[in-house]
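This briefing concerns helix packing and salt bridges in a predicted model. Please consult the sequence and structure shown here.

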Amino acid sequence: MRTNKFLMAFFAFVLFAFVPTKPSAYMVKYKEDYYRLFHVHYQQFPDDCMENIYWLEKAVQADFANPLYAEAKIETEKDWEKYKFLFQMHVNLKLIEQHQRLGRIYDKKVAHFYDAPWKDTYVENLKKALSCYQAGLYYWTEAKLWAEKANVAKFRFLFLTDIQNWEDERERIADGSLNYEKILNRDIARVQKVIAEFEAMESKEY
């Protein structure tokens, strides 16, 4: 009799333990929430880049979560102030990277003479690449602004080691070793040159 009661209790436990429950809802609301949705694939397709750009744009626009949920340990208001500047800087840098990745998908480095039959398609794609690189310049202006705010004298000896890579980005912007303006302008000039070469081609079949 005792064995039967034990078996019944055991089966009841198993039954309720594995009954599917309604998943708890989680609202994506704050900058940190949107930033955590950003991810880089080994091989990124246009939709992957555009999805990441969407989440990063949302991260730029949203409010910050409570410091308890920050991407770094925050102990003082000064930590919190610098963290917010670094966050905005970093997200804008990631937006540049994603626009570069998207641009490279449509980019064509050289206009070969034998590409003439498809020149209209190449020009169309190159213009998409051009718009991506040009958009990157806007985010670079923003990233530099936030980096400057995080680099003022009162933060000189304050380092948020949990986000050391963001601190490194800030330092590289300050010393000029990270300069997306130079990189993007070089790509823009090259793409404009290739577009002009394609547009000057006669339509031929090879």
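**Packing of α4 and α6**

- Helix α4, spanning residues 77–106, packs with helix α6, residues 164–175, at an angle of about 75° and with the axes 10 Å apart.
- Helix α4 is therefore roughly perpendicular to α6, because angles of 65 to 115 degrees fall in that class.
- On the α4 side, the contact involves Lys82, Tyr83, Leu86, Phe87, Met89, His90 and Leu93.
- These residues meet Asn165, Trp166, Glu167, Glu169, Arg170 and Ile173 of α6.
- By class, the contact of α4 with α6 comprises seven nonpolar, two polar and four charged residues.

**Salt bridges**

- The model has a count of 14 salt bridges.
- Within α4, the side chains of Glu97 and Lys94 form a salt bridge, with N to O at 3.2 Å; the two residues are three apart in the helix and so separated by about one helical turn.
- Glu97 is partly exposed at 24% relative accessibility, whereas Lys94 is buried at 17%.
- Lys109 and Asp107 are joined by a salt bridge of 3.8 Å, N to O; Lys109 is exposed at 51% relative accessibility, while Asp107 is buried at 13%.

**A salt-bridge network**

- Arg170 pairs with Glu171 in a salt bridge, their closest N and O atoms lying 3.3 Å apart.
- Arg170 is buried at 5% relative accessibility, and Glu171 is partly exposed at 40%.
- Through shared partners, salt bridges link Lys82, Glu167, Arg170 and Glu171 into one network.

Notes. Residues are numbered from 1 along each chain as its sequence is written. This is a predicted model: local features need pLDDT of at least 70, side-chain atom pairs count only at pLDDT 80 or more; totals for chains, interfaces and linings use all residues. Side-chain values use heavy atoms; hydrogens and water are left out. Axes are lines fitted to C-alpha atoms, for helices over the stretch in contact, and angles run from 0 to 180 degrees between N-to-C directions. Helices (H or I, at least four residues) and strands (E, at least two) are DSSP runs, numbered from the N terminus. Angles under 35 degrees count as roughly parallel, over 145 as roughly antiparallel, 65 to 115 as roughly perpendicular and the rest as oblique. Contact means heavy atoms within 4.5 Å. Ala, Val, Leu, Ile, Met, Phe, Trp, Tyr, Cys and Pro count as nonpolar, Asp, Glu, Lys and Arg as charged, and the others, Gly among them, as polar. A salt bridge is a side-chain nitrogen of Lys or Arg within 4 Å of a carboxyl oxygen of Asp or Glu. Buried means under 20% relative accessible area, exposed over 50%, partly exposed in between (1.4 Å probe, protein chains only).
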